[in-house]
Amino acid sequence: MGSRPRSGSGGAAAALFVAVAVALVVVSWSAAGVGAIGANWGTQASHPLPPDTVVKMLKDNGFQKVKLFDAEDGTMSALRKSGLEVMVGIPNELLMNMATSMKAADKWVEKNVSHYLNKGCNVRYVAVGNEPFLSTYNGSFLQTTFPALKNIQSALVRAGLSSQIKVTVPQNADVYDTSTGKPSDGDFRTDIHDKILEIVKFLSDNSGVFTVNIYPFISLYIDPNFPAEYAFFDGRSQPVVDGSATYTNMFDANHDTLIWALKKNGYGNLPIVIGEIGWPTDGDMNANAQLAQRFNQGFMTHIATGRGTPMRPGPIDAYLFSLIDEDDKSIQPGNFERHWGIFTYDGIPKYQLNFGVPNSEIKRASGVKYLDKKWCVLKPTVSLDDPKLPDTVSYACSRADCTSLGYRTSCGMLDIRSNISYAYNSFYQKNDQDDVACGFSGYATTTGQDPSTGTCRFGIMIEVDSAYSWKPRLVRSNYLLVLLLALVHLCVSSS
C-alpha cells in the first residue's frame, strides 16, 4: 500500500481500547445482523488436534464458517452435521491435473464435495488453488489456474451443485497495487492483468466471489518505513485522504484498492470474501499476543458495525487466519509462519478474544491428552565451550521447531543454556518423548521440572492416540528412528 507518515503511538490507551472493543463487538454484532466471523483451519502440524475436538472448539467459540486448504477425510467427516459452513480447498499442486482433465475435476468434486454433502457437510465454496498468482511463485500456476477453475465449475454443474456451491480463487493482495498509495489509483498488477480479468469475468458470470487475503502484518514485516499504527483499527494513525474517502487503517484502504481495480475493469459489484486476515504471536519482533489481540479484536469490532468500507458499504465476509498454530509449516516467509493461531498447537487460547457470542469468553479445546510431564534439557555438567555442542543444536532445530527463539520473541530472553534446552525439548517432544530423542551425544537429560519461564513455554506434546488417526504419521518410536538417531549421534561424537 506504500509508505505513509507515522503518527504518535498513544500506547497508554491500548488496554482501554481492548476492553471497549470486547464490549462493543458483542452488542454491535447482534444489532447489525452481521454474520459471525469464520476461521482458517490448517493442518500442517506434527501433532494436530483431533478433528472432532477442533469442530467442537469452533462451535464453542461461536464460529459459523470454516475455510480449509484441502478436503481431508478426517476433517470433512468431523464437520458432518456440525452446521458450520465450509469452504474446501484444492491445493496448488493439483491445479495441473484439474486443468488438463475434466475426468479428474469430476472425480474431485464427487469425492470431496458430493460425497460429504450427502453425509451432511455444509459445503458452500470450493477454493481453486491458494494464492496461485503470488509474485514469489514466479508464474508457476498462471497457465493452470483458470482452466482448473473452469473445469471445477463444469464439474459442479454436471453434479447439479452449481446453484448452491460457488467457486473462488483465493488471491494474495499483491495481485493489485496503487502507485500513489491512494485506493482510487488501484489496478491489477500489469504482469497478470489479463489473467486476473479472465478469472474475474468467469467468477462474475457464474455467481462466484473474489477471495482476497489481506495482511497488514506482512506490510510491517517487509517495509521498515511502514507506519505501524496504520495496521490497526483504533484511529491513532495519520489518515489517508482519497477524494471524499478518508482511511484510518490499512485494511480499509487495501480492500478499497481492490474495489477500485474491479470497478475500473467493469466488475465493481463482484462480491468479495476476505479469505485470510490475522496477526501472528511469535517469531518476529512485531509478532506477539498483545499486538495480535489488538489487531484481531479491532478487526472484528470494525466489521461488526456492518458499515463496511468507503467504497463497499455493508457487511464484510471474513475468515480469521488462523485457528491453530502449525509447527510443520514452511518458515521461508519468516519464523512467524508457524504462529498465526489464535490457539496454541494444543488448543489453548493465547489471549482473550470475543468472537461475537454474548457474555462468552474464548474457550480452550476440551479433552486434550498429553504425554508425560517430562522435558529434555541440557545437562548442567556440559561445558558451553564444547565444540561439538553447536552441531547437536543445529540438528535439533533443523528437525523440530525453534522459531520461538530469537530477538524479541517469546523465548528471546533465555540464556544460552536454556536456548539449547529449548531446542532439545522441541525435538524430544516432536518425537513423542522417545528416550533416544533426548540423547544428543550424551549432552541431554530428561527432567520432571518444567523449564518454562515468563512468556517462554517448553511444551509437552499431545498424545499420538489423540492426533489424526486417519492421517499418515511421521516415523517416530520405532527401530528405524532409534537406529537413525543413534547413527547421527555417533557421527557427531566422533567428528
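**Figure 1. A pocket between two domains.** In this predicted model, the second largest pocket lies between domain 1 (34–343) and domain 2 (375–468), because both give residues to its lining. The domain bounds come from an automatic or database domain assignment. To find such spaces, a 1 Å grid is laid over the protein atoms alone: a pocket is an open set of points with protein on both sides within 12 Å along at least five of seven lines, a cavity is a set where a 1.4 Å probe fits but cannot get out, and lining residues have an atom within 4 Å of a point. The second largest pocket has a volume of about 910 Å³, where volume is the space filled by probe spheres set on the points, and points are joined across faces, edges and corners. Residues here are numbered from 1 along each chain as its sequence is written, and side-chain values use heavy atoms, with hydrogens and water left out. As the model is predicted, local features need pLDDT of at least 70 and side-chain atom pairs count only at pLDDT 80 or more, while totals for chains, interfaces and linings use all residues.

**Figure 2. Who lines the second largest pocket?** Look for Asp-282, His-339, Ser-404, Ser-410 and Arg-457, which lie nearest the centre of this pocket among its 36 lining residues. By class, the lining has 11 nonpolar, 15 polar and 10 charged residues; Ala, Val, Leu, Ile, Met, Phe, Trp, Tyr, Cys and Pro count as nonpolar, Asp, Glu, Lys and Arg as charged, and the others, Gly among them, as polar. Helices α10 (289–304) and α12 (416–430) each supply at least two lining residues, and α12 gives the most, with five. Helices (H or I, at least four residues) and strands (E, at least two) are DSSP runs, numbered from the N terminus.

**Figure 3. The largest cavity.** There are three cavities of 30 Å³ or more, and the largest has a volume of about 80 Å³. It is lined by 13 residues, with Gly-42, Ala-45, Pro-48, Leu-49 and Ile-324 closest to its centre. Its lining is made up of eight nonpolar, three polar and two charged residues.

**Figure 4. Helix α6 and its partners.** The axes of α5 (residues 102–118) and α6 (residues 145–158) come within 8 Å and cross at roughly 60°. Axes are lines fitted to C-alpha atoms, for helices over the stretch in contact, and angles run from 0 to 180 degrees between N-to-C directions. The pair α5 and α6 is therefore oblique; angles under 35 degrees count as roughly parallel, over 145 as roughly antiparallel, 65 to 115 as roughly perpendicular and the rest as oblique. With α7 (residues 193–205), α6 packs at an angle of about 15°, the axes being 10 Å apart. That makes α6 roughly parallel to α7.

**Figure 5. Two backbone details in loops.** A cis peptide bond, with omega about -5°, joins Phe-321 and Ser-322. Ser-322 sits in the loop between β15 (317–320) and β16 (375–378). Ser-207, although not a glycine, has a positive phi of about 60°, and its place is the loop between α7 and β9 (210–213).
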